Amino acid sequence: MPSMLQDTGFDARIGVYVCHCGLNIAGVVDVEAVRESARFLEGVVVVRDNRYTCSEVGQKGIADDIKEFMLNRVVIASCSPRLHEKTFRTLLEKSGLNPHLLEMANIREHCSWVHYDNHEAATEKAKGLVHSSVARARLLQPLSRTKGRVVPEVMVVGGGVAGISASLYLGGMGIKTYLVEREPSIGGHMAMLDKTFPTLDCSLCILSPKMVEVAECENIKVLSYSEIEKVEGQVGDFRVQVRRKPRYVNEEKCVGCGDCVAKCPVKVKDDFNRNMGTRKAIYIPFPQAIPPAYVIDDQNCRYLTQGKCKICQAVCERGAIEYDQTSYVETIEVGAIIVATGFQPYDPRGLPQYGYGRFPNVITSLDFERLICADGPTYGKLKRPGDSQVPKRVAFIQCVGSRSVASGCRGYGLDAETGSSVGATDPKAYCSRVCCMITAKQAFMVKEKYPDAEVYVYYIDMRTAGKGFEEFYQRGRHEGIVFLRGKPGEIEERDDGCLRIISEDLDSGCILDLCFDMVVLAQGLTPPDGLVEFAQKMNLSRSEDGFLMEGHPKLRPAETAIDGIYLAGCVQFPKDIPDSVAQAGAAAAAAAVTCSKESIEIDPLGPVIDEALCIGCKLCEMLCPYGAIKVELTDKGPKAKSIEVACKGCGVCGASCSTRAITMKHYTDSQLTAQAKAILEVV
Amino acid sequence: MESAQKKDVPVVTVLDPKFKYEVAREPGGENIKYCFQCGTCTSGCKVAEFDSKYNPRKIIRMVILGMRERVLSGDFIWLCATCYTCHERCPQDVRIPEVMNALKNIAVREGYIHPAFRAQAELIAGYGRLYEVDELANEKRTDWGLTEIPQGCPEVAEIYGITGLADLLSGGAGGKL
Ligand SMILES: Cc1cc2nc3c(=O)[nH]c(=O)nc-3n(C[C@H](O)[C@H](O)[C@H](O)COP(=O)(O)OP(=O)(O)OC[C@H]3O[C@@H](n4cnc5c(N)ncnc54)[C@H](O)[C@@H]3O)c2cc1C
Ligand code: SF4
Ligand code: SF4
């Protein structure tokens with residue numbers, strides 16, 4: 001019976017299947033030659049090539065061969081195991097073989113795709129990979145999978161519109177959800193916007209009902225002013241350490257009356273208003289904040305920095321002020337995690353030719369949102385920062401920090417206040433996708449408030465793909481906004497404070513030399529602050545653009561390469577609010593699928609420790625990045641023990657063990673050596 | 001002829017799609033194909049501000065379209081002041097002044113040298129520098145206690161010979177412009 005065939009006491013009987021993948025492989029690699037080169041390898045019983053091995057026909061052929069030739073090992077030379085390993089393992093299982101007796105050679109990504117310009121070399125490499133897979137297959141061992149538990153709860157990291165939406169979907173499904181936000185309130189960038197394109201509805205009017213819903217949903221727990229410290233475990237069973245920063249105000253007791261703010265003697269720049277207004281050391285970022293509790297800024301509070309004041313404590317009738325709060329770590333167990341940490345707007349000080357930070361009337365698009373917002377520092381009057389005058393001529397410059405491969409002028413940006421150079425970042429090669437519409441919206445808002453104002457937009461290409469977007473852009477043109485094709489090289493501030501821009505107007509062929517009262521730079525969207533460290537903690541990969549990498553660019557846009565961790569919103573790539581919300585729905589659905597499982601099968605990879613050889617040196621324990629191997633005292637002395645649920649099978653312990661006491665399951669030394677030797681023979 | 005003139009409208013009927021690759025193979029011209037016609041280069045170009053004949057964006061466009069003759073025979077490619085302002089700002093890293101050098105190198109091989117450059121080359125061949133050192137200058141130098149400067153520079157002439165520049169200048173080449 002099939003199960004007996006798996007016994008290693010039997011000789012290996014291997015079937016080799018070389019896939020054409022249509023022309024994906026066969027267009028470059030000589031599939032027949034690869035097939036023939038494997039025919040007489042030791043242990044090989046049958047070789048075939050298929051147009052599509054993953055198809056119904058292809059799979060049935062393998063199943064039939066397993067029966068007819070009594071195969072006990074299968075080698076498939078096709079695409080990446082990431083795509084189809086699961087398919088073929090299931091096929092083996094259905095055909096009565098242990099799923100781990102499968103070996104895949106990736107002759108598409110590793111051969112035909114990368115060496116598309118050298119058919120011969122690609123074919124030789126494919127032969128090498130197939131031979132090495134056969135060599136390894138001969139030594140494969142059946143393994144049994146273990147089952148892991150599923151905690152039916154989810155953590156959402158990042159409380160912007162994406163995180164808020166994902167939490168509401170999950171809460172609505174009855175799934176307990178923790179929403180972790182770094183700032184004192186949820187809301188993210190959308191809370192800072194005045195109106196939203198293309199409908200021009202007031203941003204907070206549509207966001208705050210959702211924020212209130214979050215606060216009221218009994219399944220959602222908001223952990224504001226908190227950050228992820230450490231993540232352990234795997235899909236179904238993550239242990240997340242969350243650092244709770246001290247608010248110095250008791251969230252339960254504070255009713256948001258604001259008595260404290262009136263009396264607080266310390267005034268500082270208001271970061272929520274892009275440093276254009278002031279706030280007190282005890283504050284609430286914006287009136288609709290959730291949680292609706294005040295927070296003390298410990299960098300500026302007189303009591304916390306100098307030891308005297310305590311005025312807020314004296315005036316708070318509810319006794320909500322708690323200066324002795326300290327930060328602490330809370331450990332939370334969840335089955336899935338959604339990452340929705342958003343973006344960071346590009347800092348144009350990296351492009352000093354535009355003078356941001358030096359010329360007060362050069363502002364960014366996010367500054368503009370605060371200036372035009374009724375709750376902003378100027379109560380919605382578009383007063384330019386330089387002299388509080390309402391500008392009569394406004395220019396917008398597109399693609400500031402986007403669509404550029406040139407290195408910015410790192411470090412040349414000068415800080416307006418200190419005059420010191422700041423570490424500005426390079427512009428990005430990608431198109432930030434939303435800035436064209438942001439500018440169309442903002443230009444429209446200037447015209448709406450000040451119909452006599454002249455509004456010009458300098459652009460390279462206008463990209464307005466989206467429902468109602470092109471119509472909105474055309475409406476702006478009809479309202480009199482002038483769109484100028486041609487990107488300016490620099491902004492010059494004249495002695496009278498006017499901003500001079502020389503540009504080439506590509507459409508008229510003229511050089512334009514114009515002066516403006518205010519210039520808005522359409523800053524690109526870049527990965528959020530601290531994403532590099534965050535991704536390391538979560539073991540997530542980033543794409544070349546710096547954002548988090550999705551599981552598959554087309555088919556798994558809301559997933560990651562790590563099972564149980566999902567993505568929503570701008571942390572994957574710049575997108576607008578509707579797309580962020582849609583992706584949040586997809587991520588929530590995927591997380592709910594994980595949570596609905598009773599248990600999760602865990603790949604049986606990991607170390608097998610030979611206690612007789614282990615000397616308890618702890619090297620493996622020190623090196624394991626997942627804390628999945630620990631040395632424990634046994635009656636035979638200190639010995640390493642594997643913690644299966646935490647192990648990811650990376651193999652660091654196996655490679656480091658000086659006494660070779662550790663063998664990695666499915667990646668034994670003998671399997672890997674045989675594989676390497678076989679490749680070298682072909683080369 | 002790749003273009004004909006209809007009154008004052010240049011009508012282009014033949015394009016050489018290989019020209020851009022030719023330029024890209026020339027040192028300095030490697031990034032020409034990256035240009036996406038944003039106009040940043042021209043907007044900051046001091047030469048373009050004064051002379052409408054010179055427009056770096058348009059020159060690059062003409063190369064990409066393949067107006068080989070028109071570009072190589074044009075005197076506009078010789079007008080770049082190599083101030084590198086556009087090079088600093090071009091978002092696609094096209095390295096415009098170096099593209100202009102690449103174009104000039106191809107143009108010279110095709111027999112186009114701008115008369116001003118030709119005159120300079122001849123001066124250097126004769127004197128080893130861009131101006132003649134006369135008796136008076138050397139007398140002054142002697143008064144100031146400085147050594148005299150030789151009036152000719154045969155080494156430069158030799159370099160002209162080795163590099164083939166001498167042939168270019170004396171032969172028919174270089175006379176087309
Ligand atoms: C000037 C401007 C105008 C715009 N106008 C429009 C518009 O009119 N219409 C439209 O559709 N879109 C607009 N957008 C785009 C819109 O802002 C985004 O689509 C939306 O904010 C994306 O939401 P998000 O939740 O992915 O990210 P964010 O809004 O950035 O939210 C991310 C949240 O995660 C938190 N966070 C970050 N890192 C961590 C961490 N490590 N741990 C915990 N929390 C963390 C942040 O504090 C933040 O609260 C505009 C963008 C800008 C810059
Ligand atoms: S700045 Fe660069 S990309 Fe823009 S038009 Fe000039 S060469 Fe082309
Ligand atoms: S380097 Fe040449 S093309 Fe570029 S700005 Fe200076 S003069 Fe103009």
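Predicted model: local features only at pLDDT ≥ 70, side-chain atom pairs only at ≥ 80, totals over all residues.

Student: How many residues does the contact take from chain B and from chain A?

Tutor: Contact means heavy atoms within 4.5 Å. On that rule, the two sides give 16 residues from chain B and 18 residues from chain A.

Student: What area do chain B and chain A bury between them?

Tutor: The size of an interface is often given as the accessible area lost when the parts come together. Buried area here is that loss, with a 1.4 Å probe, summed over both parts. Carbon and sulfur atoms hold 52% of it, and the total for chain B and chain A is about 1500 Å².

Student: Which side chains meet in a salt bridge between chain B and chain A?

Tutor: A salt bridge is a side-chain nitrogen of Lys or Arg within 4 Å of a carboxyl oxygen of Asp or Glu. The rule finds 2 across this interface. One of them, at 2.7 Å from N to O, joins B:Arg57 and A:Glu504.

Student: How many residue pairs are in polar contact between chain B and chain A?

Tutor: A polar contact is a pair of N or O atoms within 3.5 Å. Within protein, one atom must be able to donate a hydrogen and the other to accept it, and residues adjacent in sequence count only if both atoms are side-chain atoms. With both residues at pLDDT 80 or more, the count between chain B and chain A is 11.

Student: Which element gives the largest share of the side of chain B that touches chain A?

Tutor: Helices (H or I, at least four residues) and strands (E, at least two) are DSSP runs, numbered from the N terminus. Two or more residues come from each of helix H2 (40-44) and helix H6 (85-89) of chain B. The largest share, 3 residues, comes from H2(B).

Student: Now inside chain A. Is A:Lys127 buried or exposed?

Tutor: A:Lys127 lies in helix H7 (residues 119-138) of chain A. Leaving out residues up to four places away in sequence, A:Lys127 touches A:Ala33, A:Val34, A:Ser37 and A:Val682. Buried means under 20% relative accessible area, exposed over 50%, and partly exposed in between (1.4 Å probe, protein chains only). At 17%, A:Lys127 is buried.

Student: How many residues apart in sequence are the parts that A:Glu611 and A:Lys641 tie together?

Tutor: Their side chains meet in a salt bridge at 3.2 Å, N to O. A:Glu611 lies in the loop between strand E31 (606-609) and helix H18 (619-623) of chain A, and A:Lys641 lies in strand E33 (residues 637-642). A:Glu611 is partly exposed at 25%, and A:Lys641 is partly exposed at 29%. The pair therefore ties together parts whose separation in sequence is 30 residues.

Student: A:Arg279 and A:Asp271 meet in a salt bridge. What is the relative accessible area of A:Arg279?

Tutor: The two side chains meet at 3.5 Å, N to O. A:Asp271 is partly exposed at 45%. A:Arg279 is buried, at 11%.

Student: Where does A:Pro198 lie?

Tutor: The peptide bond from A:Phe197 to A:Pro198 is cis, with omega near -10°. A:Pro198 sits in chain A, in the loop between strand E8 (195-196) and strand E9 (201-202).

Student: What is phi of A:Cys399?

Tutor: A:Cys399 lies in strand E21 of chain A. A:Cys399 is buried, with a relative accessible area of 10%. Phi is positive in this residue other than glycine, near 55°.

Key:
Residues numbered from 1 in each chain as written. Chains lettered and ligands numbered in written order. Heavy atoms only, no water. Buried area = accessible area lost by both parts, 1.4 Å probe.
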